[in-house]
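Hi,

Here is the structure I promised to pass on. Have a look at it, and then read my notes below.

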Amino acid sequence: MIEPRALRGQGESIRQGLGRAVAGDTFETSSVDAAFAGPTDKLPELRAAVAQALGRIHEVLTPNQRKELAAMLEAGPRFWFRRRRHGC
């Protein structure tokens with residue numbers, strides 16, 4: 001099973017590929033395809049790993065904790081920065 005951490009750094013690779021696509025005199029669709037080939041090939045494994053982990057977490061949380069986790073997941077990184085800034 002894939003580790004989500006294994007996908008870190010993929011954003012930089014994707015951005016570089018997109019840069020190559022627009023750098024030349026003609027747009028290179030193949031560079032866009034290549035930029036997304038690796039990360040998207042791993043998505044089924046990542047989806048399974050996330051579903052399994054969240055299922056295990058869900059089992060041990062109280063209803064209030066589930067609501068809090070849902071809010072954190074839905075808000076994304078904005079949640080974490082807002083909480084740190086306000087000292088929570």
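Start with helix α1: its face turned away from the buried side carries the exposed residues R15, V22 and A23. Exposed means over 50% relative accessible area, buried under 20%, and partly exposed in between (1.4 Å probe, protein chains only). Helices here are DSSP runs of H or I with at least four residues, numbered from the N terminus.

Before going on, note that this is a predicted model: local features need pLDDT of at least 70, side-chain atom pairs count only at pLDDT 80 or more, and totals for chains, interfaces and linings use all residues. Residues are numbered from 1 along each chain as its sequence is written, and side-chain values use heavy atoms, with hydrogens and water left out.

Which residues of α1 are buried? They are Q10, I14, G17 and A21. The reason is handy to remember: an α-helix has 3.6 residues a turn, so residues three or four places apart point the same way. Part of what covers the buried residues of α1 is α2 (29-41), going by contacts, meaning heavy atoms within 4.5 Å.

As for the whole protein, it has five helices and zero strands. Of its 88 residues, 18% count as buried. Among contacts between residues at least 6 apart in sequence, 35% join residues at least 24 apart.

Cheers

Definitions and conventions:
Helix = DSSP H or I, 4+ residues; strand = E, 2+ residues; numbered from the N terminus.
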